[in-house]
Amino acid sequence: MSTATVSGPRKNTKSRSGPRKSRLGWNLLGLFVFVTAGFPVYWMLNTAFKPAKDAIDPDPSLLPTAITFTNFGRALDIADFWGPVGRSLIVSLTVVVIGVVVGMLAALAISRFAFRGRKVVIVGILAVQMVPLVAMIIPVFLLLNDLGQYDRLTGLIITYLTFILPFTVWTLRGFIVNIPRELEEAAMVDGCSRTTAFIRVVFPLLAPGMVATSVYGFIQAWNEYLYALMLMSQQNQTATVWLGNFTTKHGTEYAPMMAGSTMMAVPIVVLFLLVQRKMAAGLTAGAVKG
């Protein structure tokens, strides 16, 4: 009896230590990922607020020794800042609106309707996303030049839609597939048309996924550099190309460049803070089906 009494708690202790070790391992892994992903952002902020001479120190300090705001003034004075930022906002917001509206309709058609060539369309969407952007620079340039859209914001918007729209369609399709058809059918039995059933039943459930897709589409359009550099002149440059003004024949001004990068990150941060709840719901949508 005594042996049984002693061995019981030992088994419980071993069974409890297993989940604790597993939880500790996952926490350490999450901490490692957080530090790895967050350190570049921290270093950008650290360089933006340190004196310019400290930014080029061959033995930089991990913690800032002095804080200054002169780098931000230098970033605003070195070239026009608000013009490129305004153009980037116009292009990114327009691409997101068009991409989400058209992508939602295309994703709905692929998910809810059976038509000839449906699988070909799905495979085509995946294939388009696999094509490297650099491989399409010359064809896009020639096409926009023939259409009279070179060095125009409309031409840049059309170009961005070529790689953001397939991403939007594929992402929204995943959200729509996880919404049961029975909800629409029940609404149609109650007297709703297919359009009304979609607006009243499917659209509210799809809204978090649309927000999450919109944020990622906005980030892609906002951070795009290659096409903005090749298709736009210096007078119509976007915010990402504007950062190239800090590299001259005399060298690179790293501190003002990091200050400009910090100011460029503000719209993304503000957008994320405004839609963080909807975005979190969109990222978890479809995790539990039924």
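## The lining of the largest cavity

The largest cavity is lined by Ser88, Val91, Ser92, Leu156, Tyr160, Ala221, Trp222, Glu224, Thr238 and Thr240. The elements that each give two or more residues to this lining are α4 (82–112), α7 (153–177) and α9 (194–223), and the largest share, 3 residues, comes from α4. Helices here are DSSP runs of H or I with at least four residues, strands are runs of E with at least two, and both are numbered from the N terminus. By class, the lining has 5 nonpolar, 4 polar and 1 charged residues, where Ala, Val, Leu, Ile, Met, Phe, Trp, Tyr, Cys and Pro count as nonpolar, Asp, Glu, Lys and Arg as charged, and the others, Gly among them, as polar.

A search of the whole structure finds 1 cavity of 30 Å³ or more, and about 40 Å³ of space lies in the largest cavity. A cavity is a set of points, on a 1 Å grid over the protein atoms alone, where a 1.4 Å probe fits but cannot get out, and lining residues have an atom within 4 Å of a point. Grid points are joined across faces, edges and corners, and the volume is the space filled by probe spheres set on the points.

## Basis of the model

This is a predicted model, in which local features need pLDDT of at least 70 and side-chain atom pairs count only at pLDDT 80 or more, while totals for chains, interfaces and linings use all residues. Residues are numbered from 1 along each chain as its sequence is written, and side-chain values use heavy atoms, with hydrogens and water left out.

## The chain as a whole

The protein chain has 12 helices and 2 strands, which follow the pattern α-α-α-α-α-α-α-α-α-α-α-β-β-α along the sequence. Of its 290 residues, 34% count as buried, that is, under 20% relative accessible area, whereas exposed means over 50% and partly exposed in between (1.4 Å probe, protein chains only).

In helix α6 (residues 137–147), the buried residues are Ile137, Val140 and Leu144. Because they cover an arc of only 70° around the axis, they lie on the same side of α6, the arc being that of the directions from the helix axis to the C-beta atoms. On the other side of α6, Ile138, Leu143 and Asp146 are exposed.

The buried residues of α6 pack against α7 and α10 (226–231), with contact meaning heavy atoms within 4.5 Å. Just after α6, Gly148 takes a positive phi of about 75°.

Technical notes
On a 1 Å grid over the protein atoms alone, a cavity is a set of points where a 1.4 Å probe fits but cannot get out, and a pocket is an open set with protein on both sides within 12 Å along at least five of seven lines; lining residues have an atom within 4 Å of a point.
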